[in-house]
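Dear colleague,

Please find the structure below, handed over for your own work. A summary of the findings follows it.

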There are 2 protein chains.
Amino acid sequence: MNYKIDNLQYCKWSREVFQINRDAGLDAVHVTVVYHEDYDEFLERINEWSNHFKENSDLIFLGNSYKDIEKAKVEKKTAIFFGFQNCSPIEDDIALIEKVHNHGCRFMQLTYNNQSLLATGCYEKNDSGVTNFGREAIKEMNRVGIVIDMSHSAEKSTFDAIEISEKPIAITHANPIFWHNAKRNKSEDLLKALAESNGMLGLSLYAHHLKDSTNCTLESFCEMTARTAEIMGVKNIGIGSDLCLNQPDNVVEWMRNGTWAKTKNFGEGSKTKAGFPQQPDWFIDARGFKNLEIGLKKVGFNDKDTNDILGNNWFNFYKGIN
Amino acid sequence: MNYKIDNLQYCKWSREVFQINRDAGLDAVHVTVVYHEDYDEFLERINEWSNHFKENSDLIFLGNSYKDIEKAKVEKKTAIFFGFQNCSPIEDDIALIEKVHNHGCRFMQLTYNNQSLLATGCYEKNDSGVTNFGREAIKEMNRVGIVIDMSHSAEKSTFDAIEISEKPIAITHANPIFWHNAKRNKSEDLLKALAESNGMLGLSLYAHHLKDSTNCTLESFCEMTARTAEIMGVKNIGIGSDLCLNQPDNVVEWMRNGTWAKTKNFGEGSKTKAGFPQQPDWFIDARGFKNLEIGLKKVGFNDKDTNDILGNNWFNFYKGIN
């Protein structure tokens, strides 16, 4: 059995998007439900998702474990797994970790670019690693079954998280620095440590993480995937597209700035390119998985490895969450 | 005119305590209104203080600027200045800084022992300094008139705050490491940098910050003061007693643990000495200012210097806040 999984999307959710994901054959999607929201605001997002599930029950349902990916395959639906891009919903309260898990959270980033109470983000000047509260939070996330996601974290913090966590961690959406040197991408040493601990890297299709941005070629992306497989082993690689379909530009402004600054920060963009970047034409939405399949085979991956990268590796990783 | 100021107390507030502070001749007290509270909980504390002001209007009133210290002197009352021991009330929102100022906040610690969103606390293993949000917050605190207090912060973070802040900062309650080597106490280099930037050190009377703890002698404390004056200049020293009169031991447990850990942390105490430590017998409450006066003169301070340390230096510092 082969599964197709996109392990990071933050679209403006609608029936149209759920239909696209079905057309792409996705059995599971890890969706971002929270950026900077606190616990009460997270509950509002959960209510919105309840409506999505009610109104689109022929296309999606809430996923709690890998068994729901198997179920989705059988029922020809997409299992939706909740995740946070920041730890803001747990505020300063360790007890909220179990509560957000009860509401379906299965992935949580310890940081989003800036310093959090748990660890340092990749946009800070200095990285002090996982904090006192961070150590406690990792222990509790391991216990209840929430994956530690370090996509937007700084390097020492990520090494710390790999070491402290008793379960494999994930970098759900990022690419290697050797291919494109961006603050959000990851070093070879880090990717090796991630793989040695059985962690997963979700390769990103977000233009700011791609060599040549929107003009990145499918061939270049797939060659990067082959080189990454040499470094990490093919079993530790999946897709985390970081698709932000239909989101208006004020959302990326909020993602970058939250409420912490009076001046505007442009993150991976710039003053003249402040909005969401355009997707490369071979991956304008999840239906681009079909192009990835062709491209991966073209650079030498066999059928099995291609299927593993496009979903089976994530499926196996989900088996270990709970 | 001489003013008497205790620039840090966190007592269980009652008429009895306000009366003791009056008996001690205190013209102003900087009181901790918040440890780990968020913005809504801060508003609850403000409500409680409104009641204190109503019920004890013959003894206390809310202080907003140094002019209220002059007024308190004339009216034989104590001006109460609000402060936070953690930055939790501003949550992740720069706009809340102006709001807490409007409610009377005049001092805010960037951290309380652990990492915060703004800086690193003195109980963390690594110190990455003032964060991105921290830089923005300091700018905004400078603008509205809230003093940056680094009493519970780590060393690099404190050096950073001194450098970044356009106004002098304060360490409202701590002692020098040369006298008593505790995580909460400060190095000579740091004290020098603080003094060079016209910042203030409030010497603490809390047993865990004292040489020989509860058994610390008045003579030893005053000799330390003299040595500190040699390092910093007499103008940059005041008192921040850290008095926690009548607080039950579950409060110190909450101060240390907040809600961030499932295991218990004992901070400056230990498993067998988990509660509030006893005060030295020459400073069981603010009436000990009289003993300080005698002690300081005994180690060689003249009348003027003694009065400056016991309040005038803080008074002058308050002049620069707004």
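The notes below cover the conventions, the relation of the chains, several secondary-structure elements and some individual residues.

This is a predicted model, in which local features need pLDDT of at least 70 and side-chain atom pairs count only at pLDDT 80 or more, while totals for chains, interfaces and linings use all residues. Residues are numbered from 1 along each chain as its sequence is written, and chains are lettered from A and ligands numbered from 1 in the order in which they are written.

**Relation of the chains**

Chain B is superposed on chain A by a rotation of 180 degrees with 0.0 Å of shift along the axis, and the RMSD is 0.0 Å; the superposition is by least squares on the C-alpha atoms of residues with pLDDT of at least 70 in both copies. That is the relation of a two-fold axis. Among the residues of chain B, S128(B) comes closest to the rotation axis, with its C-alpha at 2.5 Å. The same surface serves both copies, as 96% of the contact residues of chain B recur in chain A.

The contact takes 27 residues from chain B and 26 residues from chain A, where two residues are in contact if their C-beta atoms, placed from the backbone, lie within 7 Å. On the side of chain B that touches chain A, helix α5 (residues 132-144) of chain B gives the largest share, four residues. Helices (H or I, at least four residues) and strands (E, at least two) are DSSP runs, numbered from the N terminus. That side of chain B divides into seven nonpolar, 13 polar and seven charged residues; Ala, Val, Leu, Ile, Met, Phe, Trp, Tyr, Cys and Pro count as nonpolar, Asp, Glu, Lys and Arg as charged, and the others, Gly among them, as polar.

**Elements of chain A**

Helix α11 (residues 303-319) of chain A has 17 residues and spans 22 Å from first C-alpha to last, close to the 24 Å expected (1.5 Å times one less than the number of residues). A kink of about 65 degrees in α11(A) is centred on I309(A), the bend being the angle between axes fitted to the seven residues ending at a residue and the seven starting there. In α11(A), 12 of the 17 residues are buried; a residue is buried if 20 or more other C-beta atoms, placed from the backbone, lie within 10 Å of its own, exposed if 12 or fewer, and partly exposed in between. Among the buried residues of α11(A) are I309(A) and W314(A). The elements against which the buried residues of α11(A) pack include β8 (200-203) and α8 (218-232) of chain A.

Both faces of β8(A) are covered, with M200(A) and G202(A) buried on one side and L201(A) and L203(A) on the other. Strand β7 (residues 170-171) of chain A pairs with β8(A) in the parallel sense over two bridges, DSSP having to find at least two for a pair.

**Individual residues**

E91(A) has a phi near 45 degrees, positive although the residue is not glycine. E91(A) lies in the loop between β4 (78-84) and α4 (95-102) of chain A and is buried, with 20 other C-beta atoms within 10 Å. K76(B), also not a glycine, has a positive phi of about 55 degrees. K76(B) is in the loop between α3 (66-75) and β4 (78-84) of chain B and counts as exposed because it has 11 C-beta neighbours inside 10 Å.

With kind regards
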